Amino acid sequence: MERIQPAICLILLLLLVGCCLAGTARRPRLDGRIVGGQATTIEAIPYQVSLQRSYHFCGGSLIGHGWVLTAAHCTEGSAIEVSKVRIGSTRTDSGGILVGIKRVHRHPKFDTYTIDYDFSVLELEEYDKKNVTQAFIGLPKQDAGIADGTAVLVSGWGNTQSTLEPTSILRAVTVPTVSQTECTEAYGSFGTITDRMLCAGLQQGGKDACQGDSGGPLVANGTLWGVVSWGYGCARPDYPGVYSRVSAVRDWIGSVSGV
């Protein structure tokens with residue numbers, strides 16, 4: 001029998017892998033902006049931080065001195081080890097202080113394809129907190145629930161796609177939480193909305209958070225209920241944003257941070 005050439009073998013292998021992955025619906029990532037919101041300041045949202053390389057790429061929340069909660073998908077790859085966290089600034093390009101990351105605690109059950117358990121706790125290097133605007137956001141109790149329709153505040157520096165709304169300035173938007181049933185129906189073709197996920201958004205669309213805001217906070221009444229995680233498009237009707245549900249891993253957060 002004629003021998004199959006290596007190049008053909010590679011093509012066949014790639015086709016096989018593609019077919020296998022096609023059966024596992026990968027979640028769509030949020031695609032880039034706080035939509036329908038307004039400019040705000042770090043004094044109004046002092047727990048908000050920016051994860052940076054030479055540019056802003058994700059958000060996060062201060063949960064204690066030297067501890068930041070963000071999304072696990074923001075900490076994939078070795079580049080996170082040389083990233084820094086900007087604390088205490090309304091802007092991504094100046095102000096506040098830049099602090100190094102000492103250690104990344106990614107949730108051990110994080111799944112890259114389903115984006116389940118999308119949590120990472122960042123342990124920061126020591127820094128002087130005297131002259132920086134910061135506050136620590138409260139955390140819910142393990143398995144605590146938040147009522148459907150609760151107004152929640154989402155913030156970040158994601159791409160606004162508008163020259164009148166610069167991405168370097170912190171922005172925020174208020175949206176209502178959505179029931180698990182409604183969210184599960186909306187995302188039926190993308191896989192399961194798990195118990196580690198929380199949804200929020202308007203049925204008619206128009207307000208949302210997206211990828212540049214990934215890892216950032218979803219807050220109600222001084223409590224961090226969610227972490228910006230994933231969704232279909234941005235601010236689309238019938239597709240609420242999907243957030244990682246903080247109360248589902250509250251005990252784990254405490255075990256790695258002591259917070």
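Residues are numbered from 1 along each chain as its sequence is written, and side-chain values use heavy atoms, with hydrogens and water left out. Because the model is predicted, local features need pLDDT of at least 70 and side-chain atom pairs count only at pLDDT 80 or more, while totals for chains, interfaces and linings use all residues.

**Strand β3**

Select residues 56-64, which make up strand β3. Strands (E, at least two residues) and helices (H or I, at least four) are DSSP runs, numbered from the N terminus. Nine of the nine residues in β3 are buried, meaning under 20% relative accessible area (1.4 Å probe, protein chains only).

**Its partners**

Find Leu51, with Cys58 of β3 opposite. Three residues lie between β2 and β3 in their hairpin.

Next select residues 67-70, strand β4, which pairs with β3 in the antiparallel sense over three bridges. Trp67 in β4 has Gly64 opposite. The hairpin of β3 and β4 has two residues between the strands, and there Gly66 takes a positive phi near 85 degrees.

**Helix α2**

Move to residues 180-186, helix α2, and pick out Glu185. Is Glu185 buried or exposed? Glu185 is exposed (over 50% relative accessible area), with a value of 63%.

Key
Two strands pair if DSSP finds at least two bridges between them.
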